[in-house]
Amino acid sequence: MKKILFAMTALTLSFGPALAAEPIIGTWKRTSGTIIEYKSCGGEDYCGTVLNGEYKGKSIGKMSGKDGSYKGTVNKLDEGKTYSGKASVSGGTLSLAGCVAGGLICKTEKLARQ
């Protein structure tokens with residue numbers, strides 16, 4: 001019984017890093033083809049910048065957080081508006097949402113890691 005328990009514990013610990021949430025840092029592709037890059041901009045803050053297309057070089061907002069869960073702002077560049085935002089990373093997918101009404105109504109977009 002001890003051997004089985006030890007083997008199960010070792011197996012669980014070996015999967016620990018694989019189960020940890022991935023960071024928001026990196027480049028992400030929207031379905032439109034626009035590439036967004038999130039970089040650290042101090043502490044647990046991450047700034048997003050458009051890398052190509054019509055809005056190249058523009059900020060798309062700032063997120064704060066860790067362990068795959070983030071909150072902050074999302075800039076809707078075609079509208080010239082800023083919304084409260086939230087994001088989560090799971091595997092190779094970034095779910096990015098802009099929200100109104102205190103976060104009750106959100107529009108979410110899924111981006112693919114590049």
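Visitor: Is Cys-47 buried, exposed or partly exposed?

Guide: Cys-47 counts as partly exposed, at 27% relative accessibility. Here buried means under 20% relative accessible area, exposed means over 50%, and partly exposed lies in between, using a 1.4 Å probe and protein chains only. Keep in mind that this is a predicted model, where local features need pLDDT of at least 70, side-chain atom pairs count only at pLDDT 80 or more, and totals for chains, interfaces and linings use all residues. Residues are numbered from 1 along each chain as its sequence is written, and side-chain values use heavy atoms, with hydrogens and water left out.

Visitor: Okay, and what is Cys-47 joined to?

Guide: A disulfide joins Cys-47 to Cys-41, with 2.2 Å from S to S. The term stands for a pair of cysteine sulfur atoms within 2.5 Å. Cys-41 is partly exposed, with a relative accessible area of 33%.

Visitor: Why is that disulfide of Cys-41 and Cys-47 called right-handed?

Guide: Because the torsion about the S-S bond of Cys-41 and Cys-47 is about 85°.

Visitor: How many disulfides are there in the whole structure?

Guide: A search finds two. Cys-99 and Cys-106 form a disulfide too, with their sulfur atoms 2.1 Å apart. The torsion about the S-S bond of Cys-99 and Cys-106 is about 105°, so this disulfide is right-handed.

Visitor: And Cys-99, buried or exposed?

Guide: Cys-99 is buried, with a relative accessible area of 6%, whereas Cys-106 is partly exposed at 30%.

Visitor: What pattern do the disulfides follow?

Guide: Counting bonded cysteines along the chain, the pattern is 1-2, 3-4.

Visitor: Let's switch to strands. Which way do strand 4 and strand 5 pair?

Guide: Strand 4 (residues 59-66) and strand 5 (residues 69-76) pair in the antiparallel sense, over six bridges. Strands here are DSSP runs of E, at least two residues, numbered from the N terminus, and two strands pair if DSSP finds at least two bridges between them.

Visitor: What's in the turn between strand 4 and strand 5?

Guide: Those strands form a hairpin with two residues between them, and Asp-67 in the turn has a positive phi of about 55°.

Visitor: How many bridges join strand 5 to strand 6?

Guide: Eight, and strand 5 and strand 6 (residues 81-90) run antiparallel. They form a hairpin with four residues between them, where Gly-80 in the turn has a positive phi of about 70°.

Visitor: Which residues pair up with Val-74?

Guide: Gly-61 stands opposite Val-74 of strand 5, and in strand 6 the bridge partner of Val-74 is Tyr-83.
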